[in-house]
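Subject: Structure for you to look at

Hello,

Here is the structure I said I would pass on. Please open it first and keep it beside you while you read the notes below.

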Amino acid sequence: MNLINSLFFKIFAGFWLLILILVAILVTLPKLEQSQPQLLDLYGIELLDKTSHALFSQITRHPERSLKEAIDKFRHPSRFKLYAMHPDGRFLNDHVPKPIRRFVIDSENISKPMMWKSHKGIVVGPISFYYNQEPLLLYAYKNLNHETNRLVLRWLLDNPGLLILITLLVSTPVCLLLAWHLTSPLRQLQKASDQIAKGQLDTQIPQQQRKDEIGELANGMDHMVLSLKNMLAGQQRLLSDISHELRSPLTRLRLALAISKKTQGESAELARIDVEADRLEQMIADLLGLARNQFQPQDIQTVQLDSLLEELLADAHFEAEQKGKQFIYTEPPAIELRAYPGLISSAIENVIRNAIKYASSTIKFDCQLTHKQIVFVIEDDGPGIPDHEIAHIFRPFYRVSEARDRESGGTGLGLAICDNAMHKHGGSVEAHNGEPGLVVTLTLPV
Ligand SMILES: Nc1ncnc2c1ncn2[C@@H]1O[C@H](COP(=O)(O)OP(=O)(O)OP(=O)(O)O)[C@@H](O)[C@H]1O
Ligand SMILES: [Mg+2]
């Protein structure tokens with residue numbers, strides 16, 4: 001990335017250009033305010049008259065001076081200089097400023113003296129003046145050039161409202177353009193990163209045809225998604241390979257077990273091996289299920305929440321009853337959800353089955369619907385989980401206490417499956433200790 005393409009340079013140049021444009025406008029605006037020559041008012045005519053009389057009296061006081069000298073030396077108190085023109089258009093003065101040359105084209109009529117104000121100066125005239133019986137046209141000119149800066153300042157201070165208006169008019173589009181140029185690609189990238197965070201790794205990173213920091217960020221995100229996909233694909237392959245490879249020895253184990261039972265008859269040891277083989281098989285099935293949920297694309301569907309959970313809740317009720325516990329639940333609202341139905345029910349089922357497993361007597365299931373999300377709360381009155389372990393229970397294979405959980409026979413995958421399912425929907429799962437027992441909250445956007 002070269003400096004010109006960088007965001008740093010664009011921001012710097014944008015503001016720098018804006019200030020330059022503003023200053024240029026503020027300096028040139030007063031200069032654009034060029035009025036047309038206007039008829040001289042009475043006060044001006046009187047001033048011109050007095051000037052010509054003053055010149056006349058100077059000439060009579062210093063007869064040794066030529067008219068040219070007298071005119072050159074003439075200084076009016078208000079800093080007007082005099083210029084004399086022959087009727088044929090020749091000037092007596094050596095140097096005649098441009099505004100006067102332009103002015104005389106429009107104003108040669110002595111019966112109609114005019115005044116012209118520009119940013120360079122003020123010209124008035126003509127008035128007739130006779131010298132040695134020769135008629136001349138006399139013009140007065142005051143140079144304002146050196147006062148321009150002061151005038152601009154005064155003009156600005158006199159019109160603060162206009163100053164603010166000009167600043168707004170110029171700066172608003174420039175700043176808007178700059179802000180849009182910077183934020184619109186960032187917004188697109190933010191949207192893409194949100195989707196990636198939800199696990200949608202097939203999200204297209206908006207390709208930025210730019211070579212600045214934002215373009216590099218988009219390229220970096222592209223590489224990141226590619227690496228993530230490769231890593232996940234590797235993990236999935238490993239997971240399904242392991243699960244698959246574990247199945248073959250398990251099948252052989254079961255075969256050997258069946259033969260042993262036939263030859264030696266049933267025994268407590270063989271029954272134990274049978275139970276452990278069942279457990280192993282369940283674990284492998286769970287692992288394969290998790291791998292499938294995490295990595296295989298499924299179709300999102302519109303599902304009716306109440307019918308999706310109806311059977312699950314009835315089963316939970318039955319299971320709790322079998323264990324001599326009470327399952328109290330509120331009916332889920334009859335709303336439609338865009339979701340992966342299998343994932344939602346397995347997430348809720350895993351949490352409910354844990355609660356049934358650990359509850360002493362009562363399990364509660366509740367749904368709360370707001371305009372943005374639906375929250376499922378599953379509560380039990382069991383032993384709960386030590387606070388420092390709560391953060392870990394969503395990790396695959398994490399079990400709080402081997403001694404405690406050995407009895408229950410789980411594999412430690414249930415909450416990992418639940419966490420994965422919720423994230424896939426842009427939702428979340430959280431657990432905290434109640435009084436007593438564990439409270440698990442599943443949140444889903446609707
Ligand atoms: N309601 C609960 N009360 C107390 N401890 C719980 C509760 N729910 C989960 N746990 C603890 O969290 C651990 C992880 O739960 P998870 O559901 O992931 O695994 P599991 O129930 O042991 O096995 P699986 O669900 O895969 O059959 C459990 O082993 C258990 O120690
Ligand atoms: Mg479980």
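This is a predicted model: local features need pLDDT of at least 70, side-chain atom pairs count only at pLDDT 80 or more; totals for chains, interfaces and linings use all residues.

**Around Phe365**

Apart from its neighbours within four places in sequence, Phe365 is in contact with Leu309, Leu313, Phe327, Ile328, Tyr329, Thr330, Ile348, Ile352, Phe376, Val377 and Ile378.

The largest nonpolar core has 42 residues. Phe365 is among the residues with the most contacts inside this core, as are Leu309, Phe327, Ile348, Ile352, Phe376 and Leu442. Two or more residues come from each of α9 (305–322), β8 (336–339), α10 (341–358), β9 (362–369), β10 (373–380), α12 (414–424), β11 (428–433) and β12 (438–445). The largest share, 8 residues, is given by α10.

**The sheet with mixed pairing**

Five strands make an open sheet in the order β7-β9-β10-β12-β11, and the pairing is mixed. Which strands stand at the edges? They are β7 (326–329) and β11; each has a single partner strand, so one side of each is left without a neighbour in the sheet. On average, neighbouring strands in this sheet are turned by 15° against each other, with direction ignored.

β7 and β9 pair in the parallel sense over 4 bridges, and Tyr329 has Phe365 in β9 as its bridge partner. β11 and β12 pair in the antiparallel sense over 6 bridges, with Ser428 opposite Thr443 in β12. These two strands, β11 and β12, form a hairpin with 4 residues between them. In the turn, Gly437 has a positive phi of about 85°.

α9 lies across β7, β9 and β10, and runs at about 160° to β7. α10 packs on the sheet and touches β7, β9, β10 and β12, with its direction at about 20° to that of β10.

Ala314 is in helix α9. Its relative accessibility is 40%, so Ala314 counts as partly exposed.

**The antiparallel sheet**

There is an open sheet of 5 strands in the order β1-β3-β4-β5-β2, and its pairing is antiparallel. β1 (38–39) and β2 (81–85) are at the edges with a single partner strand each, so one side of each has no neighbour in the sheet.

How many residues of β2 are buried? The count is 4 of the 5, so β2 is largely enclosed by the rest of the structure. β2 is joined to β5 by 5 bridges, and the two run antiparallel. Leu82 has Ala140 in β5 as its bridge partner. Elsewhere in the sheet, β3 (residues 114–117) and β4 (residues 121–131) pair in the antiparallel sense over 4 bridges, and Met114 stands opposite Gly125 in β4.

Helices lie across this sheet too. Helix α2 (residues 42–61) lies across β2, β4 and β5 (134–143), at about 50° to β4. Helix α4 (residues 98–106) lies across β2, β3, β4 and β5, at about 140° to β3.

**Domains and distances**

The protein is divided into domain 1 (38–152), domain 2 (213–293) and domain 3 (298–445). The C-alpha centres of domain 1 and domain 2 lie 106 Å apart. For a pair of residues, take Ala314 and Phe80: they are 234 residues apart in sequence and 106 Å apart in space, C-alpha to C-alpha.

**What the UniProt record lists**

An unreviewed UniProt entry places the feature "transmembrane region" at residues 6–29, 121–141 and 161–182. In the model, residues 121–141 are 0% helix and 90% strand, with end C-alpha atoms 7 Å apart. Residues 161–182 are 100% helix and 0% strand, and their end C-alpha atoms are 31 Å apart.

The unreviewed entry also lists residues 180–233 for "domain: HAMP". That stretch is 72% helix and 0% strand, and its end C-alpha atoms are 38 Å apart.

Regards

How values were computed: Residues are numbered from 1 along each chain as its sequence is written. Chains are lettered from A and ligands numbered from 1 in the order in which they are written. Side-chain values use heavy atoms; hydrogens and water are left out. A nonpolar core is a set of buried Ala, Val, Leu, Ile, Met, Phe, Trp, Tyr and Cys residues joined through side-chain atoms within 4.5 Å. Buried means under 20% relative accessible area, exposed over 50%, partly exposed in between (1.4 Å probe, protein chains only). Contact means heavy atoms within 4.5 Å. Two strands pair if DSSP finds at least two bridges between them. Axes are lines fitted to C-alpha atoms, for helices over the stretch in contact, and angles run from 0 to 180 degrees between N-to-C directions. UniProt positions are given in the numbering used here, feature names are shortened, and annotations may be inferred rather than shown by experiment. Domain bounds come from an automatic or database domain assignment.
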